[in-house]
Amino acid sequence: MNDLLYVGGGNPLNGTITVRGAKNFVSKAMVASLLGESPSVLRNVPQIRDVGVVTGLLELHGVAVKSDPDAGILDLDPSNVESAHVADIDAHAGSSRIPILFCGPLLHRLGEAFIPDLGGCRIGDRPINYHLDILRQFGAVVDKREGGIHIRAPRRLHGTKISLPYPSVGATEQLLLTAVRAEGITELSNAAIEPEIMDLIAVLQKMGAIISVDTDRVIRIEGVDRLEGYTHTALGDRIEAASWASAALATGGDVTVKGATQPEMMTFLNTFRKVGGRFDVQDDGIRFWHPGGDLDPIVLETDVHPGFMTDWQQPLVVALTQAKGLSIVHETVYENRFGFTDALRGMGATIQVYKECLGGRDCRFGQRNFHHSVVVSGPTPLSAADIEVPDLRGGFSHLIAALAAKGTSTVRGISLIDRGYENFQDKLVALGADVSRDAGRS
Ligand code: EPU
């Protein structure tokens with residue numbers, strides 16, 4: 001199949017679409033099923049490639065996975081967990097970042113694990129030093145090898161006291177998935193507290209874990225000997241929801257996102273309103289629309305929860321190209337998340353990239369040669385272009401830009417977007433977009 005999409009732009013997106021469970025929760029809940037002695041059921045699972053990657057890895061380790069994709073239900077039975085062959089695991093190298101989270105569960109179940117080299121979006125170095133430090137503190141022995149990491153637990157892992165240098169989402173999840181069955185108490189300071197992590201804690205509690213979340217980013221876990229399976233409905237994907245909201249704003253449209261929820265999106269909603277977008281929170285979703293007239297520029301800094309998510313940044317920057325005046329965006333989570341703006345400049349946007357920490361406090365990337373702030377000057381009409389998708393969120397942002405631009409754009413490498421946006425082409429069609437995989441039709 002062609003890995004490109006022809007996008008006829010210049011028309012507002014109008015209509016209703018649905019988002020299902022959060023990519024960045026569902027994959028972790030699937031890994032958690034490995035910790036149970038009995039089967040788990042996960043609901044509201046989207047059909048995205050990351051779910052397929054984790055399914056493949058679970059199956060390699062003996063988990064029986066039954067899927068009803070239309071209903072969004074996964075049955076995960078870990079009764080026969082077993083070691084996988086290194087060559088089979090290797091086939092998954094570079095496919096996602098989730099394999100690193102298999103460490104704790106596999107150490108508890110099998111005493112050892114082999115983790116292939118990781119993939120995921122190239123938006124910075126994305127090291128795993130926090131993960132390995134955590135595992136070592138629990139008593140695991142880590143051996144870096146060609147193509148991956150071999151890790152083993154010479155004896156039962158034991159609870160520990162850890163303070164993260166930065167509230168990393170993945171490292172917090174690593175700790176949770178390892179501490180729940182370690183011996184004794186674990187205390188994590190400077191933990192990430194994203195809603196997806198809170199939902200993972202809810203899953204682990206259903207399985208029998210004892211976890212308390214204190215004030216000031218402290219999480220305490222009392223290890224238990226045994227966990228059971230869970231039944232859980234995944235929280236909605238707030239990144240996908242915000243992406244569609246930004247698409248509505250950038251195209252002057254009106255999009256209702258069923259499955260979007262207010263508590264997890266409060267920070268986004270505040271920013272959306274400051275830019276001049278309107279929204280209406282409904283029982284089963286949120287309607288986002290452009291009210292007409294000028295959009296307003298903003299000064300924005302990305303941050304860990306409850307700050308403005310880094311994953312919301314890229315789609316919103318496209319909308320900011322249509323705001324009247326100068327907007328400043330300071331990216332403080334990843335050092336290299338503005339690569340996608342090259343294509344926007346090629347389409348007519350005025351976006352300057354800076355190494356300095358603009359618009360707020362100094363962050364850990366200041367004075368270190370990272371292009372991690374931008375100034376966006378608008379409004380600038382966008383024109384169609386031939387563009388290549390750089391990463392998941394950057395790719396969706398390119399789609400938004402193509403939808404807002406006059407003329408027909410060619411967006412290449414769109415299969416990257418399938419990693420995290422369920423049926424996005426069908427959703428675009430449902431919103432009235434002129435998109436096609438066939439050059440003649442758009
Ligand atoms: N970091 C380290 N060392 C580590 C781990 C992280 O230095 O061992 C640094 C990273 O380089 C980064 C910062 O800490 O600068 C934050 O990274 P974090 O660990 O929080 O990110 P992650 O767990 O790898 C998840 C999501 C990302 C999302 C971030 C932040 C998944 C699979 N990925 O990544 O989602 O941007 O949290 O919320 O959950 C996406 O969905 O497109 C995506 C990139």
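1. How many residues surround the ligand, and which are the closest? In this predicted model, 24 residues surround the ligand, and the closest are Lys28, Asn129, Ser168, Val169 and Val333.

2. A polar side-chain atom of asparagine 129 lies 2.7 Å from a nitrogen atom of the ligand, while a polar side-chain atom of aspartate 311 is placed 2.9 Å from a ligand oxygen atom. Taken alone, the ligand exposes 830 Å², of which the protein buries 92%.

3. The elements that give two or more residues to the shell around the ligand are helices H1 (23-32), H5 (129-137), H6 (169-179), H10 (310-320) and H12 (392-404). By residue class, the shell divides into 10 nonpolar, 6 polar and 8 charged residues.

4. The domain assignment of the protein gives domain 1 (4-19 + 236-441) and domain 2 (23-233). Because both domain 1 and domain 2 give residues to the shell around the ligand, the ligand lies between them.

5. As for the domain pair itself, the centres of domain 1 and domain 2, taken over C-alpha atoms, are separated by 30 Å. The contact takes 25 residues from domain 1 and 21 residues from domain 2. Between them the two domains bury about 2200 Å², with 48% of that area on carbon and sulfur atoms.

Note on methods:
Residues numbered from 1 in each chain as written. Predicted model: local features only at pLDDT ≥ 70, side-chain atom pairs only at ≥ 80, totals over all residues. Heavy atoms only, no water. Near = heavy atom within 4 Å. Polar contact = N/O pair within 3.5 Å; in protein donor to acceptor, adjacent residues only side chain to side chain. Areas by Shrake-Rupley, 256 points an atom, 1.4 Å probe, with all protein chains shown as cover. Helix = DSSP H or I, 4+ residues; strand = E, 2+ residues; numbered from the N terminus. Nonpolar A, V, L, I, M, F, W, Y, C, P; charged D, E, K, R; others polar. Domains from an automatic or database assignment. Contact = heavy atoms within 4.5 Å. Buried area = accessible area lost by both parts, 1.4 Å probe.
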